[in-house]
Amino acid sequence: METPLQLLGISGGVDKVGICSIVVPFHVATLSEAISYTPGLDGISLPAVSRSFRQSEEGGYEVSITLEGLQKESTEKVFEIDASMSEEPIKTHPKFEDLKKQFGWDESLGTFSEYLPGDTSSGGLSSGSQNGSARKKSKLYGTESWLVAGALYRVSYSSTSVPSSIFTGIGTVQSPPSINKFNLPPLGKRNWLKLAPKVRMRGNCIEITLEYMLSGPLGWFTEIYSVAQLGETGGNNSGS
């Protein structure tokens, strides 16, 4: 039986959290070997996570196998803020009560009134007349929503095991780790909510992403977001 032959052209890289991926090309004689054979690389102890192969015109099979994982423990962490704008109900505006007094509010329609409250001016009768005087239309008539700045804060890193701390305090108000690195302006009442983590096996290691969501201008209400959603009571302000 022909001995499997490693070919030239090894490729790969190391990502931002230290996880290494290596693609190794080689040639084997049989389909069984194409499915199961894994070459050994000097000084490399990464497991095979995927492979592709095709039958060669000269006979046998050309195989590319991907090795992935941590070759050595990594302390690298990636911090990022993904800022965005989203449409929210106008009732969430911090000055909604003032706007309602100034422009009027039609509760049945869920929008600002067509005419300004108690405002009259001289003029003939119209569909918006009151006591023979035409009322001024509200410029906010029909407004139901407004654009609100938001953000997701992510911390990504790799580990050889899953720390239990990543599941602590999910759904509670927390200060994200190292958030001061971004020199954000004062947030007022805004605060951060810890979301469920993302955990993915990568060969011999785990890729972990922690996420925190920025609240709207009124903040996440601690009356609602004070109990963790995996059985704990109270939040964990460490952000770990």
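Does Glu207 count as buried or exposed, and at what relative accessibility? In this predicted model, local features need pLDDT of at least 70, side-chain atom pairs count only at pLDDT 80 or more, and totals for chains, interfaces and linings use all residues. Residues are numbered from 1 along each chain as its sequence is written, and side-chain values use heavy atoms, with hydrogens and water left out.

Glu207 counts as buried because its relative accessibility is 16%, buried being under 20% relative accessible area, exposed over 50% and partly exposed in between, with a 1.4 Å probe and protein chains only. Glu207 is part of strand β14, residues 205–214. Strands (E, at least two residues) and helices (H or I, at least four) are DSSP runs numbered from the N terminus. The side chain of Glu207 forms a polar contact of 3.0 Å with that of Arg202. Beyond its neighbours within four places in sequence, Glu207 has contacts (heavy atoms within 4.5 Å) with residues including Ile19, Tyr157 and Lys198.

The protein as a whole has 2 helices and 14 strands. Of its 240 residues, 37% are buried. Among contacts with a separation of 6 or more, 63% are between residues 24 or more positions apart.

Strands β4 (residues 48–55) and β5 (residues 61–69) pair in the antiparallel sense over 7 bridges; pairing requires that DSSP finds at least two bridges between two strands. Arg54 has Glu62 in β5 as its bridge partner. The hairpin of β4 and β5 has 5 residues between the strands, and Gly59 there takes a positive phi near 110°.

Technical notes:
Polar contact = N/O pair within 3.5 Å; in protein donor to acceptor, adjacent residues only side chain to side chain.
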